[in-house]
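Biologist: I am new to this structure. Please show me how to read it, feature by feature.

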Amino acid sequence: MIKLLTPYPALLATENNEKTVVVADLHIGWEVSLAEEGVHVPSQTIKLQRKLSEIIRKAKPEKILFLGDVKHTIARAEVEEWRDVPQLFESIAKEVNEIMVVPGNHDGNLEPLLPENVKILPITGIRIGETGFFHGHAWPSPELLACKNLVIGHLHPVVVFRDPLGFRITSQVWVEAKCDGLKLAKTLLKKLKIKFENDVTSAFEKEFGVVPRVNKLFIMPAFNDFLGGQPVNAGSICQEEKYRDFIGPILRSGAVDMSEAEVYMLDGTYLGRISQLRMLM
């Protein structure tokens, strides 16, 4: 079972009465990239740490799962990250029994920054109950397609509203979309160059020992609310060529119906479908 932890950009996954808080996209050290552009912002890591601690106190989980992009620089680690990443994880380790990380595309050289008791999982993700969790920049393990739900981060979804005077308002959101598990399985079989006839289900089960059952995809908002985001109601997230590499293989597969995806604000307010929200841009 999964539950949105309103009004936070976090969810709670429960299996056998064991609770796991899930957050994505902290991007610790993002301030360094701003400084390189001449914009100097003090480290905001302590604010992220306090928000995590507040969630843990309220949800009382046994575990916490970081769903990728813990740090900001992609292939290296800046001095600030060597300071801030250990500081945050050492603090959180005092509040939960287990910390897990599914690496994202920004998490190169992350392992040396983490305390020894942090469990680094494969980029292909982890299954908790009927839900598969992975960052979203790479394919999940085939076994996760046996889940009913998939949850990713990576995209930092937001909606943008424009009033009659031209003012823009941006808000972080959750996205819940229908996902065609058979089409996803077919695309993955082709990517892995596995030959099959018309029966995708049988071929997938024969190769991986599971039947594809995915029917929903949830896209998490970034935990770091200082980051920019992809405006889901702008149409760019799936249509413009410049975004094709960024959006990840799940959306590129064509198995996800983004136009009819439903959008929720962090406080749980239902905003409507993306196709409806595009009229407000």
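Modeller: Start at the end of a helix: just after H2, Lys-60 takes a positive phi of about 55 degrees. Helices (H or I, at least four residues) and strands (E, at least two) are DSSP runs, numbered from the N terminus. Residues are numbered from 1 along each chain as its sequence is written. The model is predicted, so local features need pLDDT of at least 70 and side-chain atom pairs count only at pLDDT 80 or more, while totals for chains, interfaces and linings use all residues; side-chain values use heavy atoms, with hydrogens and water left out.

Biologist: Where does Lys-60 lie? Is Lys-60 buried or exposed?

Modeller: First the cut-offs: buried means under 20% relative accessible area, exposed over 50%, and partly exposed in between (1.4 Å probe, protein chains only). Lys-60 lies in the loop between H2 and strand S4 (63-66). Its relative accessibility is 57%, so Lys-60 counts as exposed. Lys-60 is a residue other than glycine, and its phi is positive.

Biologist: Which other residue has a positive phi of about 50 degrees although it is not a glycine?

Modeller: That is His-27. His-27 is found in the loop between strand S3 (18-23) and helix H1 (30-36). His-27 is buried, with a relative accessible area of 2%.

Biologist: Back to H2. How many residues has helix H2, and what span does it reach?

Modeller: The expected span of a helix is 1.5 Å times one less than its number of residues. H2 (residues 45-59) has 15 residues. From first C-alpha to last, H2 reaches 21 Å, close to the 21 Å expected.

Biologist: Which residues in H2 are buried?

Modeller: Thr-45, Leu-48, Gln-49, Lys-51, Leu-52, Ser-53, Ile-55, Ile-56 and Ala-59 are buried in H2.

Biologist: How do I read a pair of helices?

Modeller: Two packed helices are described by the angle between their axes and the distance between the axes. Axes are lines fitted to C-alpha atoms, for helices over the stretch in contact, and angles run from 0 to 180 degrees between N-to-C directions. Take helix H4 (residues 181-191) and helix H5 (residues 200-208). They pack at an angle of about 55 degrees, with their axes 10 Å apart.

Biologist: What do we call that angle between H4 and H5?

Modeller: Angles under 35 degrees count as roughly parallel, over 145 as roughly antiparallel, 65 to 115 as roughly perpendicular and the rest as oblique. H4 and H5 are therefore oblique to each other. Their crossing is left-handed. A crossing is left-handed if the near helix is turned anticlockwise from the far one by less than a right angle, and right-handed if clockwise.

Biologist: Which residues in H4 and H5 meet?

Modeller: Contact means heavy atoms within 4.5 Å. Leu-182, Ala-185, Lys-186, Leu-188 and Leu-189 in H4 meet Val-200, Thr-201, Ala-203, Phe-204 and Phe-208 in H5. These residues divide into eight nonpolar, one polar and one charged. Ala, Val, Leu, Ile, Met, Phe, Trp, Tyr, Cys and Pro count as nonpolar, Asp, Glu, Lys and Arg as charged, and the others, Gly among them, as polar.

Biologist: Now the chain as a whole. How many helices and strands has the chain?

Modeller: The chain has nine helices and 15 strands. Of its 281 residues, 54% count as buried. Among contacts between residues at least 6 apart in sequence, 67% join residues at least 24 apart.

Biologist: Show me residues apart in sequence. Where is Ile-152 found?

Modeller: Ile-152 is found in strand S9 (residues 149-152). At 1% relative accessibility, Ile-152 counts as buried. Ile-152 and Ala-24 are 128 residues apart in sequence and 8.1 Å apart in space, C-alpha to C-alpha.

Biologist: Where is Val-263 placed, and what does it contact?

Modeller: Val-263 is in strand S14 (residues 262-265). It counts as buried, at 0% relative accessibility. Leaving aside neighbours within four places in sequence, its contacts include Val-232, Ile-274 and Leu-277.

Biologist: And where is Ile-274 found?

Modeller: Ile-274 is found in helix H9 (residues 274-277). Ile-274 counts as buried, at 0% relative accessibility. Among the residues that Ile-274 touches are Val-232 and Val-263.
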